[in-house]
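Student: I would like a close look at a single chain of this model. Please take one part and go through it in order.

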Amino acid sequence: MANAAPSANWRAIAPWIVPLLILLGWEASSRAGWLSTRILPEPLAVAKAFGDLAVSGELWTHLRVSLWRAAAGFGLGAALGLALGLLNGSSRRAATLLDTTVQMVRNIPALALIPLVILWFGIDEAAKLFLLSVGVFFPVYLNTFHGIRSVDAGLIEMARSYGLSGWALYRDVILPGALPSILVGVRFSLGLVWVLLIVAETISAQAGIGYMTMNAREFLQTDVVLVGVLLYALLGKAADLAARGLERRFLRWNPAYR
Amino acid sequence: MPKDNQDYRAGAHLDVRSLTKRYAGRTVLDAVNLRIEPGEFVAVVGRSGCGKSTLLRAIAGLELPDAGQVKIGGGGQKPETRMMFQDARLLPWKTVLQNVALGLKDGAERARAALRSVGLLDRADDWPAALSGGQRQRVALARALVHEPQLLLLDEPLGALDALTRIEMQQLIETLWTARGFTAVLVTHDVQEAVVLADRILLIEQGRLALDLDVGLARPRARGSVEFGGLEQNVLDRVLQTHQSA
């Protein structure tokens with residue numbers, strides 16, 4: 001037994017041993033009174049808070065609001081980034097006219113705009129939508145632009161010599177060639193949108209996970225705060241899985257994504 | 001090879017007149033004149049950078065000449081001209097069959113037939129990434145043949161293949177050429193390949209046609225024969241001689 005190669009079971013279980021020990025240690029220290037619940041509530045309390053919020057329906061209300069914000073902000077920013085990236089990637093004239101401007105504006109961190117955004121839009125939904133879509137826009141734009149520009153010129157030449165032009169050339173050669181790069185941008189943006197959402201919801205909100213968390217802080221409900229933190233983590237992970245699913249679906253032909 | 005009794009379109013006539021091409025002041029092609037008869041297999045050899053690929057790309061219409069003209073066919077409708085590149089240039093996001101059917105309307109059946117003729121029908125639904133280099137070039141050949149070209153231009157298509165695969169591909173190209181009768185222009189740096197396949201070997205040096213040699217050997221050609229070896233040596237000496245004087 002001692003010298004046997006690690007079995008499949010062992011490899012499935014082993015990575016979870018350390019996290020489990022940490023969780024047990026955390027629980028034990030809370031019960032022994034070494035950790036104040038004001039600093040860190042015990043894991044069971046967090047689980048219980050999660051359960052209570054889920055049962056009361058409060059959790060789902062906030063989750064729905066946050067999801068909707070993320071989806072709307074991502075959709076708007078990504079669509080604009082994709083459109084402008086496709087335009088500038090395909091037309092030298094458009095790129096000469098617009099790319100320098102985009103590159104200059106890109107260097108402004110979206111979060112640095114918060115004071116201006118509050119002045120412009122106040123503190124309601126429009127401000128959050130603006131922040132999210134500005135943040136998402138640039139990664140999608142840059143990767144789309146780069147993807148279109150770096151499509152293999154040999155393939156385009158070949159396709160033209162086989163009679164493809166216009167939309168057919170775009171659909172069969174240029175877009176699929178740029179897609180790996182575009183999806184990198186999408187994946188990066190999906191990660192970014194949660195970070196921006198957390199900040200936007202912490203400033204001011206009447207609902208959403210950020211609101212729930214900030215509200216709980218005022219009442220020293222550290223367990224609810226932790227539920228919010230965990231929710232953001234889960235949502236980020238889910239977004240990443242979705243992006244990887246897209247890659248696996250659309251880049252099947254590429255051995256690197258199978 | 002499956003026997004096919006299909007009627008194919010006759011090979012196209014090719015006429016190149018005082019074709020000149022310059023890049024940044026350097027003359028790559030210097031008033032090249034060339035006539036190729038319908039159904040002829042012509043190989044163009046020469047050292048790298050001599051202008052042989054530029055000649056082929058100008059014939060294909062991929063380069064605009066600075067002077068002179070290229071005439072394919074004898075007037076009337078434009079003959080089908082297809083090009084095979086050194087790299088297969090398959091679209092990696094399309095299956096083998098979709099690649100062969102590129103630019104065809106409802107061409108799945110014809111694409112299947114073309115794949116069968118290069119012996120790769122069983123790989124029709126695979127991605128190009130799953131094929132070997134030789135198989136990819138066979139798919140590229142099928143993609144050209146599905147259009148029933150009257151003029152097939154081959155730009156060192158076998159240059160990156162290993163020796164055995166290259167011999168197999170040469171036999172395949174010869175068989176298909178014999179069966180279909182298209183005109184073929186092959187650019188290669190491999191003199192033996194030129195002697196195996198061509199009716200005529202052209203040598204290009206410094207942008208000019210330096211040699212135009214008829215290969216009178218019966219097909220299929222035995223690489224080991226004395227005549228074959230002698231001819232190969234002759235052409236090779238001629239190519240290397242330009243190297244020493246340059």
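Student: Among contacts in chain B between residues at least 6 apart in sequence, what percentage join residues at least 24 apart?

Tutor: The share is 72% for chain B, where two residues are in contact if their C-beta atoms, placed from the backbone, lie within 7 Å. This is a predicted model, in which local features need pLDDT of at least 70 and side-chain atom pairs count only at pLDDT 80 or more, while totals for chains, interfaces and linings use all residues. Residues are numbered from 1 along each chain as its sequence is written, and chains are lettered from A and ligands numbered from 1 in the order in which they are written.

Chain B has seven helices and nine strands; these are DSSP runs numbered from the N terminus, helices being H or I with at least four residues and strands E with at least two. The radius of gyration of chain B is 18 Å, close to the 18 Å that the globule rule gives for 246 residues, so chain B is as compact as a globular protein of that length. That radius is taken over C-alpha atoms, and the rule is 2.2 Å times the number of residues to the power 0.38. Along the principal axes, the C-alpha atoms of chain B fill a box of roughly 50 × 40 × 35 Å. Of the 246 residues in chain B, 43% are buried, meaning that 20 or more other C-beta atoms lie within 10 Å of a residue's own.

The domain assignment, which is automatic or from a database, gives chain B domain 1 (14-80 + 151-245) and domain 2 (92-147). Their centres, taken over C-alpha atoms, are separated by 25 Å. Ten residues from domain 1 of chain B and nine residues from domain 2 of chain B take part in the contact. On the domain 1 side, helix α5 (residues 163-180) of chain B gives the most, with four residues. By class, that side has eight nonpolar, one polar and one charged residues; Ala, Val, Leu, Ile, Met, Phe, Trp, Tyr, Cys and Pro count as nonpolar, Asp, Glu, Lys and Arg as charged, and the others, Gly among them, as polar.

Chain B also holds an open sheet of three strands, in the order β2-β1-β4 with antiparallel pairing; strands pair if DSSP finds at least two bridges between them. β2 (26-36) and β4 (67-72) of chain B stand at the edges with a single partner strand each, so one side of each is left without a neighbour in the sheet. Strand β1 (residues 14-23) of chain B pairs with β4(B) over five bridges, and B:Val16 has B:Val70 as its bridge partner in β4(B).

Definitions and conventions:
Buried ≥ 20, exposed ≤ 12 C-beta atoms within 10 Å, placed from the backbone.
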